[in-house]
Number of protein chains: 2
Amino acid sequence: MTNSAAALDIIRSEVDRSLREFVERQRPRINAPEVAPLIAAAEEFLAGGKRLRPAFCYWGWRGAGGGEDPAFFTAAASLELLQASALVHDDVMDASDLRRGMPSAHRRFQRLHEKAGWHGSAEQFGESAAILLGNLMLIWSGEMWRGSGLPPASLAAAQEVHDHMRTELMCGQYLDLLEQAHGENSFDSALRVALFKSGKYSVEQPLRLGLVLAARERAPWIDRLCEEYGRCVGIAFQLRDDILGVFGDPAETGKPAGDDLREGKRTMLIARALAAASSVQAETVRATLGDPDLDVSGVERLRQIIEETGALLACEEMIKKYLEDALSSLDDAPITAEARTALAELAVAATSRRT
Amino acid sequence: MTNSAAALDIIRSEVDRSLREFVERQRPRINAPEVAPLIAAAEEFLAGGKRLRPAFCYWGWRGAGGGEDPAFFTAAASLELLQASALVHDDVMDASDLRRGMPSAHRRFQRLHEKAGWHGSAEQFGESAAILLGNLMLIWSGEMWRGSGLPPASLAAAQEVHDHMRTELMCGQYLDLLEQAHGENSFDSALRVALFKSGKYSVEQPLRLGLVLAARERAPWIDRLCEEYGRCVGIAFQLRDDILGVFGDPAETGKPAGDDLREGKRTMLIARALAAASSVQAETVRATLGDPDLDVSGVERLRQIIEETGALLACEEMIKKYLEDALSSLDDAPITAEARTALAELAVAATSRRT
């Protein structure tokens with residue numbers, strides 16, 4: 001096991017602990033037993049996850065001289081609350097049935113309604129409850145960050161980055177909706193979505209937060225490193241996500257095979273496939289991409305086109321190239337040697353993952 | 001014009017100014033022209049509103065010795081961002097078409113999609129964009145509060161109240177969903193919804209925030225005053241809301257006549273009507289309440305039942321009683337005479353309003 005893999009285990013267990021403690025502290029605040037399903041859903045959502053965002057944040061923190069500090073793990077864990085909130089709302093927006101192999105939050109609440117035989121539309125109840133659950137976790141993420149116990153000078157230095165990240169996340173998701181609606185398939189637009197939707201928010205900003213928290217200032221070298229490493233790992237991370245959304249193993253991703261195809265996601269994979277497709281292939285893509293009832297053979301047909309046009313290979317090449325650039329960006333950064341190695345390993349892990 | 005009415009004009013213009021300035025500061029952060037509709041929708045939503053929450057907050061602040069301070073108005077204005085966020089999400093959850101006589105946010109985005117002839121479901125796009133808009137304003141409310149420029153000692157003293165209010169709002173809305181789903185019609189459950197859904201969050205907590213910000217501590221007398229005045233004005237406020245939701249003039253409320261009846265809201269008005277209804281009347285209520293296609297004559301029939309059973313009169317009596325209790329709660333509170341008068345006038349205004 002490498003150092004950074006061992007560290008990832010520690011990060012995971014510290015983040016888990018912080019999240020459990022935070023939710024426990026919320027419980028007495030909510031003076032109504034009927035709210036229990038909301039809290040239970042939050043707990044279940046928070047129990048999973050790769051904890052990559054806290055890991056990028058951690059290596060930023062350590063890289064700029066931060067030590068092992070429970071307060072830091074609390075701050076980093078708050079990123080998982082933000083992410084859980086985004087996933088719950090995402091599933092409502094995409095009308096997704098599953099998340100990590102389990103019913104998505106809105107389906108879970110819908111079933112609660114159905115089982116109890118309550119009045120009104122179970123579907124509407126499920127969506128409404130999931131919107132509120134997402135809001136609750138969004139609020140909690142800010143509260144947990146601010147109340148982490150990190151020194152005020154650290155929090156003050158990182159506040160603008162933190163605020164910016166949250167606004168950028170919502171605007172990035174809106175851009176993603178727009179690109180989907182525009183039905184655009186240019187490389188540029190696919191790259192932009194990859195960068196805004198997940199690149200900045202999953203890699204660049206968590207890393208920047210960690211660096212600024214430890215350095216207590218937003219030094220120019222921090223922005224240079226985050227922009228370059230963050231952009232490259234972030235895009236490669238999203239490209240891997242796109243590939244997993246089409247070719248991933250449902251047993252590992254927890255999502256039905258080819259779910260992104262049913263949702264009609266305009267990814268680099270699709271843009272590349274369309275750019276190299278024959279007119280017959282292009283017609284098939286246009287006719288079936290985004291069909292919510294696309295069956296297994298339809299998914300298989302689209303996969304074949306993506307492979308035959310060389311789109312899959314091209315995206316794998318892109319990931320490799322972005323990964324190389326990410327690794328070079330670490331060369332001159334004035335961070336600890338330990339963090340440099342760990343961030344290199346983390347970049348590899350984030351872009352070669354299978355879930 | 002009374003002193004407090006004149007003050008309300010000042011509060012409104014200061015709150016408007018703060019909100020405009022805050023949104024202006026967000027603009028350069030969002031580096032994509034396509035996001036403009038999101039910002040425009042936020043601005044439009046923020047331009048309206050009675051500013052009652054900032055007003056309760058203001059008189060708490062002044063009552064405990066706070067002075068005229070632009071930083072205070074910024075903090076108080078952040079409550080309007082929270083409220084705007086809740087309204088946008090509320091309209092998605094209730095599938096409401098109108099808000100203040102204009103299309104609700106999700107309908108507005110739905111039309112944007114339809115007019116542009118984009119791909120995919122316009123309705124789903126509208127709802128998704130509205131969820132993101134609500135999230136953006138929820139995030140901004142926290143950012144604006146924290147960045148108001150009030151002294152750290154004030155903000156630190158009020159932080160727990162602020163955090164609590166936000167969690168309570170989401171849990172209160174979930175309780176409201178549940179009561180609707182349970183189809184309960186007891187007086188107790190109607191009162192509880194009135195208190196949790198709007199009482200605490202619209203009156204008690206804004207007032208407490210103002211008091212604690214100025215006093216820089218959460219003194220026992222503050223909690224006593226807020227619990228009593230806040231509970232009474234809050235419930236009376238919600239009872240007035242319930243009456244307006246059934247009998248309000250669409251030209252003034254900006255909502256179609258009888259909208260609450262179509263949504264099947266389980267209010268005190270309905271609980272009282274059912275408790276006193278003949279079996280024929282009760283059957284009519286059960287058969288038509290919550291019917292989304294309820295027409296004008298159906299609305300008229302339900303209104304008649306609410307009047308004939310004495311439910312309307314009983315609710316007006318309740319408002320009067322709660323208002324009296326609210327006014328007595330001010331008697332012994334150690335606040336300035338000016339604030340005492342203003343809070344009394346504000347209680348009257350909040351519970352006798354026509355919109």
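Of the area that chain A buries against chain B, 15% is supplied by A:Arg29, A:Leu132 and A:Tyr174, more than by any other three residues. This is a predicted model, in which local features need pLDDT of at least 70 and side-chain atom pairs count only at pLDDT 80 or more, whereas totals for chains, interfaces and linings use all residues. Residues are numbered from 1 along each chain as its sequence is written, chains are lettered from A in the order in which they are written, and side-chain values use heavy atoms, with hydrogens and water left out.

In contact (heavy atoms within 4.5 Å) are 51 residues of chain A and 51 residues of chain B. Six salt bridges are counted between the chains, a salt bridge being a side-chain nitrogen of Lys or Arg within 4 Å of a carboxyl oxygen of Asp or Glu. B:Arg192 forms one with A:Glu34, the closest N and O atoms being 2.5 Å apart.

Within chain B, the axes of helix 1 (residues 3–26) and helix 6 (residues 122–146) come within 12 Å and cross at roughly 110°. Axes are lines fitted to C-alpha atoms, for helices over the stretch in contact, with angles from 0 to 180 degrees between N-to-C directions. Helices are DSSP runs (H or I, at least four residues), numbered from the N terminus. Helix 1 of chain B is therefore roughly perpendicular to helix 6 of chain B, a term for angles of 65 to 115 degrees.

Notes:
Buried area = accessible area lost by both parts, 1.4 Å probe. Helix = DSSP H or I, 4+ residues; strand = E, 2+ residues; numbered from the N terminus. Parallel < 35°, antiparallel > 145°, perpendicular 65-115°, else oblique.
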